[in-house]
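Let's take a walk through a protein fold together.

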Amino acid sequence: MSDGLIRLLDGNTFVVSEETGDIDASPTFPTGFFSFDTRFLSKWILSINDQRVNVLTIEEVEYFESRFVVVPTLPTSHLDVNVSAIRERCIGASFTERLTVINHEPEPVDLRIRIDVESDFADLFEIKDVRNKKGTYYTRMEGGCLLLGYQRERFRRETLVSSTVPGRIDERGLTYHVRIGPRGQWITDLHVRALGLGGRDLRESLEGRPGRTKEQIRQDLDAWLAAAPRLTCDSPTLAMAYRRSLADLHALRFSPLTAGVHAVPAAGLPWFMAIFGRDSIFASIQALPFASDFAATTLRMLALRQGAILDDFREEEPGKILHEMRYGETAGFEEQPHLPYYGSADSTPLYVILLDEYERWTGDAAAVRLFERSARAALDWIDEYGDIMGDGYVWYQRRNERNGLENQCWKDSWDSISFRDGRLASLPRATCELQGYAYDAKIRGARLAREFWNDPAYADRLEREAAELKQRFNRDFWISDGEYYALALDGDGRQVDALSSNIGHLLWSGIVEESRAGKIAEHLLGPRLYSGWGIRTLATGEGRYNPIGYHVGTVWPFENAFIAWGLRRYGFDQEAGRIAEGIIEAAEYFDGRLPEAFGGYDRTLTRYPVLYPTACSPQAWSSGTPLLLLRTMLGMEPRGEHLVTRPAVPASMGRIELLHIPGRWGRVSAFGRARPERR
């Protein structure tokens with residue numbers, strides 16, 4: 001299943017093109033060559049004898065390399081194609097395309113080969129929200145190269161296009177007049193470099209190191225895959241999704257311009273190729289048994305950028321963990337608050353959760369002591385700044401009224417928090433999963449304080465506060481007539497009573513009373529929330545339900561993985577297995593690469609998962625989904641010096657073996673056989 005776009009990436013530098021290999025971006029469509037939130041190519045069109053090409057086949061060799069076979073005229077029953085072209089493309093130290101044009105005739109052929117080139121130097125926010133550029137464009141031909149540029153005060157971005165075969169260069173591209181001999185071919189290598197201030201390579205000047213060649217990327221990927229646990233299983237789809245997930249997580253790694261920090265995961269291509277606190281934390285938790293370095297670098301990055309002052313524009317507060325950090329023009333000129341922006345209420349408690357989970361898997365006590373101050377500041381934020389209503393809950397209401405996010409939970413679209421009848425909840429809002437995260441952070445913080453920080457009094461206080469929060473939450477959020485937890489409390493203290501997937505997060509946080517967990521599992525796997533592929537973000541029948549609404553009816557793979565993890569925590573093994581089964585089966589239709597979200601249509605209606613129109617793919621926490629589902633099916637949990645496994649594998653998965661899992665216990669293995677069918 002394809003959305004008609006071909007993606008290549010290396011960190012937050014990437015290319016999105018049509019299936020022909022062409023780029024012909026409208027101001028609002030995210031195709032092009034991008035680096036650090038700027039589009040360096042908005043047009044890259046091949047024509048042969050003034051005819052645009054048609055694709056015959058596409059080979060995505062790897063996430064950084066692809067190959068297109070194209071022709072200027074499609075064959076018919078009476079007309080053979082006498083010329084074809086192969087476009088071999090790579091993203092690495094630069095965007096490179098080897099163009100090979102082949103003459104299939106026994107006679108020579110004269111061709112006019114043309115590459116049309118343009119750059120709008122659009123900031124990603126300008127693609128989402130079209131606005132007039134405030135700088136100046138310029139074009140130069142120098143040294144046999146085409147240079148396209150844009151400057152606004154000291155902000156400068158340039159695109160340099162070169163070719164190994166000389167051609168005629170004009171302000172809009174390169175033209176070659178060539179004669180190809182009988183059965184012969186013509187080849188040129190095209191290089192496109194993204195430059196910053198001073199004409200320096202952008203990645204080198206910002207990251208302090210040159211981009212990698214194709215060969216270096218291949219070597220790094222091979223080493224990454226070799227270091228990961230080895231999966232053998234009966235399910236070809238699971239095996240495909242596992243390998244694809246590991247490769248995509250490797251692809252999304254980039255350096256976020258913070259000293260001493262390398263290889264944190266960008267959130268998702270194309271819209272979110274930057275550091276996101278929430279996304280990086282969730283992806284790091286998912287990847288812990290497979291690639292714990294993600295967690296280590298994420299913890300360090302977020303600690304270094306932790307809030308220290310009150311700043312309404314950026315919504316910064318002492319102890320708060322950032323939401324998003326951008327590098328483009330609009331952030332640089334403070335037209336957006338994203339350098340960095342702190343508008344999320346969940347990334348701060350999630351930071352403490354990640355720190356504890358990281359130690360459980362790795363035994364890295366030094367890290368727990370190193371980040372003690374950051375973790376304590378995050379725990380203080382929960383009570384001092386998160387509790388804006390003074391009632392012990394975590395709330396949010398934006399400080400930046402101009403362009404801050406209205407919803408600052410993981411469902412951060414404008415219409416995601418609503419009542420059964422579709423009315424939007426008033427602000428401030430306290431969503432249910434925020435309380436679960438705060439509870440979990442306090443429980444985990446207490447363990448860290450007692451075992452590593454030598455502060456038992458602080459640990460006792462956190463445990464007491466967590467117990468009080470759990471009791472209060474189960475009183476105030478429980479909807480008796482529906483027997484589920486409210487999506488949120490609104491600014492007037494009313495229960496926002498829509499039935500949503502958020503209740504599933506409460507299970508992995510542990511805030512749900514044991515006596516109520518069965519009802520929550522029943523709702524999650526019931527026909528209103530469970531589509532057959534996964535759990536919808538909003539139940540059918542709710543006022544704002546829409547199967548292709550971003551947070552009001554779609555299925556998000558990452559969320560399903562965490563819900564399955566929570567179901568196993570409460571002993572609902574078969575229910576967790578059903579979720580794992582549905583999501584992995586859906587992955588087959590996406591060639592193993594789970595997208596950010598897909599449609600919430602019932603499986604009996606469409607018989608395949610429906611593409612969400614603008615879903616990010618790859619996306620970090622979707623790439624991490626098969627990893628957490630594997631952990632859940634095998635029942636892998638760290639218990640001090642031991643790795644405990646309690647397999648509960650769905651029948652369709654067959655046997656699963658995960659070999660050489662790294663951790664504090666050395667390298668161990670986990671095995672699972674399909675559970676017997678319930679009779």
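**A loop, and then the rest**

Start with Arg607, which sits in the loop between α17 and α18. The labels come from DSSP runs numbered from the N terminus, where a helix (H or I) needs at least four residues and a strand (E) at least two. What is the phi of Arg607? Phi there is near 65°, a positive value in a residue other than glycine. Arg607 also counts as exposed, at 62% relative accessibility. Here buried means under 20% relative accessible area, exposed means over 50%, and partly exposed lies in between, using a 1.4 Å probe and protein chains only.

Before going on, a word on where this comes from. You're looking at a predicted model, so local features need pLDDT of at least 70 and side-chain atom pairs count only at pLDDT 80 or more, while totals for chains, interfaces and linings use all residues. Residues are numbered from 1 along each chain as its sequence is written, and side-chain values use heavy atoms, with hydrogens and water left out.

Look for Arg183 in the loop between β17 (173-180) and β18 (185-195), where it is exposed with a relative accessible area of 58%. Most residues other than glycine have a negative phi, and most peptide bonds are trans.

Now for some cis bonds. One joins Leu269 and Pro270, with omega about 10°, and Pro270 lies in the loop between β21 (264-265) and β22 (275-276). Another runs from Ser617 to Pro618, with omega near 0°. You'll find Pro618 in the loop between α17 (603-606) and α18 (620-623).

Next, zoom out. The protein chain has 19 helices and 32 strands, and its C-alpha trace spans about 85 × 60 × 50 Å along the principal axes. A compact globule of 679 residues would have a radius of gyration near 26 Å, and this chain agrees, at 26 Å. That radius is taken over C-alpha atoms, and the globule rule is 2.2 Å times the number of residues to the power 0.38. Of the 679 residues, 61% count as buried.

How do two helices sit against each other? Two packed helices are described by the angle between their axes and the distance between the axes. Helix α16 (residues 573-589) and helix α19 (residues 625-634) pack at about 145°, with axes 10 Å apart. The axes are lines fitted to C-alpha atoms, for helices over the stretch in contact, and angles run from 0 to 180 degrees between N-to-C directions. Ala576, Ala580, Ile583 and Ile584 of α16 meet Thr625, Pro626, Leu629, Thr632 and Met633 of α19. Contact means heavy atoms within 4.5 Å.

Just after α13, Gly510 takes a positive phi of about 90°.

Leaving aside neighbours within four places in sequence, Glu324 is in contact with Phe125, Ile275, Phe276, His338, Pro340 and Tyr341. Glu324 and Gly624 are 300 residues apart in sequence and 19 Å apart in space, C-alpha to C-alpha.
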